[in-house]
Amino acid sequence: MITALPASTTFTPEQALLSAMEFVNHDNLNDILIVGYDRDGLLLVRSSRMDRKDALWLAEMLRDWALRGL
């Protein structure tokens, strides 16, 4: 079992990825979607075993979480 504090608004990109890796290392992630911006402000998207339909569904789940905490 993993106990982790909520994601911090002050995490660096490396800290956020290392936090996610803790879940990977304990087999608690099936798939992952990484979204960010590079230094030039260009969108960067990486995912595991996801097509665009599944990524959109996950993005909608994220939207609900951000808006309502669901």
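This is a predicted model: local features need pLDDT of at least 70, side-chain atom pairs count only at pLDDT 80 or more; totals for chains, interfaces and linings use all residues.
Q: Why is Leu-43 called exposed?
A: Leu-43, which is found in strand β2, has a relative accessible area of 57%, and because exposed means over 50%, the residue falls in that class.

Q: What makes the nonpolar surface patch, and which strands supply its residues?
A: The patch, of about 450 Å², is made by Val-35, Tyr-37, Leu-43 and Val-45, and the strands β1 (33-37) and β2 (43-47) each supply at least two of its residues. Leu-43 meets the requirement of over 30% relative accessible area, since its value is 57%.

Q: How do you know that the span of helix α2 agrees with its number of residues?
A: Helix α2 covers residues 52-68, and at 1.5 Å a residue its 17 residues should span 24 Å; the end C-alpha atoms are 24 Å apart, so the two values agree.

Q: Why is α2 described as hardly covered?
A: Among the 17 residues of α2, the count of buried residues is one, where buried means under 20% relative accessible area.

Q: What makes Asp-31 and Arg-49 a salt bridge, and which parts of the chain does the pair link?
A: The closest N and O atoms of Asp-31 and Arg-49 are 3.2 Å apart, which lies within the 4 Å that a salt bridge requires. The pair links distant parts of the chain, 18 residues apart, with Asp-31 in the loop between α1 (13-25) and β1 and Arg-49 in the loop between β2 and α2. Asp-31 counts as partly exposed at 33% relative accessibility, whereas Arg-49 counts as exposed at 69%.

Q: How many salt bridges are found in the whole structure?
A: A search finds three, among them the pair of Asp-54 with Lys-53, whose closest N and O atoms are 3.2 Å apart, and the pair of Asp-64 with Arg-68, whose closest N and O atoms are 2.8 Å apart.

Q: Why are Asp-64 and Arg-68 separated by about one helical turn?
A: Their separation is about one turn because they are four residues apart in helix α2.

Q: Why is Asp-64 called partly exposed?
A: Its relative accessibility is 21%, and because buried means under 20% and exposed over 50%, Asp-64 belongs in between, while Arg-68, with a relative accessible area of 54%, is exposed.

Terms used
Residues are numbered from 1 along each chain as its sequence is written. Side-chain values use heavy atoms; hydrogens and water are left out. The expected span of a helix is 1.5 Å times one less than its number of residues. Buried means under 20% relative accessible area, exposed over 50%, partly exposed in between (1.4 Å probe, protein chains only). Patches are made of residues with over 30% relative accessible area and no salt bridge: like charges are joined within 9 Å, nonpolar side chains (Val, Leu, Ile, Met, Phe, Trp, Tyr) within 5 Å. Accessible areas come from the Shrake-Rupley method with a 1.4 Å probe; for residues, only the protein chains shown count as cover. A salt bridge is a side-chain nitrogen of Lys or Arg within 4 Å of a carboxyl oxygen of Asp or Glu.
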